[in-house]
Amino acid sequence: MTEQSIYHHLREFREAFDKPEPLAWPEISHGQLLMMMSPKKQHQLVAHRLRVQLDPQLDTDLVLMLETDMEDAALGILRVPDLVVVDEEEATADSDAIDPRRCHLVIEIVSRSNPSNDYEGKLRDYPAMGVPHYLIVDPRDGSAVHHWAPVRRAGVASYDNRQHYTFPETITVGAWKIDTAVLPRYSPDTGR
């Protein structure tokens, strides 16, 4: 069975999947169906505060979307970013998923339950998909990492640049600014 056929089987299974609570929609990467917990309220508060800051900074031809499928079927990858900035034209296209080549920024908010997904899996997949800017916001320790400029070295996709931030620093991603002073950290007794 080829990687493409495995992906198509997983994609069909995902579409027919009856998602039990508290699971979010599964992602697909490297022949695996990845099950995630649904975001908890602290995670969603961080997403809200990011959106409130970014929305007014976007040009009229850009849209900020939440938890929307982003797919590169040729690579066999389907991810569901917490936030993604895309062209308005892509947001209104007939396809079910965002074309990663039409996005400008992906933001992932680290989950307490599965941080390796953002720091390893998505850090491997997003540059391969051509995502130009990937921002990881980590409310567990009050840090963030901006990765940009996807490249291929020895056949492996990665980002050529990265910048680390700590709350309350201001993050700069292209022309956009994010004030991390308004982003809450996870309280010690809660999850994602």
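How many salt bridges does a search of the whole structure find? The search finds 12, a salt bridge being a side-chain nitrogen of Lys or Arg within 4 Å of a carboxyl oxygen of Asp or Glu. This is a predicted model, in which local features need pLDDT of at least 70 and side-chain atom pairs count only at pLDDT 80 or more, while totals for chains, interfaces and linings use all residues. Residues are numbered from 1 along each chain as its sequence is written, and side-chain values use heavy atoms, with hydrogens and water left out.

**First stop: Asp87 and Arg102**

Select Asp87 and Arg102, which form a salt bridge with their closest N and O atoms 3.1 Å apart. Asp87 belongs to strand β6 (residues 83-87) and Arg102 to the loop between α3 (88-91) and β7 (103-109), so the pair ties together parts that are 15 residues apart in sequence. Helices (H or I, at least four residues) and strands (E, at least two) are DSSP runs, numbered from the N terminus. Asp87 is buried at 16% relative accessibility, whereas Arg102 is partly exposed at 24%; buried means under 20% relative accessible area, exposed over 50%, and partly exposed in between (1.4 Å probe, protein chains only).

**Second stop: Glu108 and Lys122**

Next, select Glu108 and Lys122, a salt bridge whose closest N and O atoms are 2.9 Å apart. Glu108 lies in strand β7 and Lys122 in helix α4 (residues 115-129), so this pair ties together parts that are 14 residues apart in sequence. Buried or exposed? Glu108 is buried, with a relative accessible area of 1%, and Lys122 is buried at 4%.

Select Arg124 and Asp125, where a salt bridge has its closest N and O atoms 3.2 Å apart. Arg124 is partly exposed at 38% relative accessible area, while Asp125 is buried at 0%. Then select Asp87, Glu89, Glu90 and Arg102 together: salt bridges that share partners join these residues into one network.

**Fourth stop: the backbone**

Most residues other than glycine have a negative phi, and most peptide bonds are trans. Select Phe167 and Pro168: the peptide bond from Phe167 to Pro168 is cis, with omega near 15°. Pro168 sits in the loop between β10 (156-166) and β11 (170-173).

Move to Glu67, whose phi is positive, near 40°. Glu67 occupies the loop between β3 (62-66) and β4 (70-72) and is partly exposed at 36% relative accessible area.

Finally, select Ala154, which has a positive phi of about 55°. Ala154 lies in the loop between β9 (143-153) and β10 and is exposed, with a relative accessible area of 86%.
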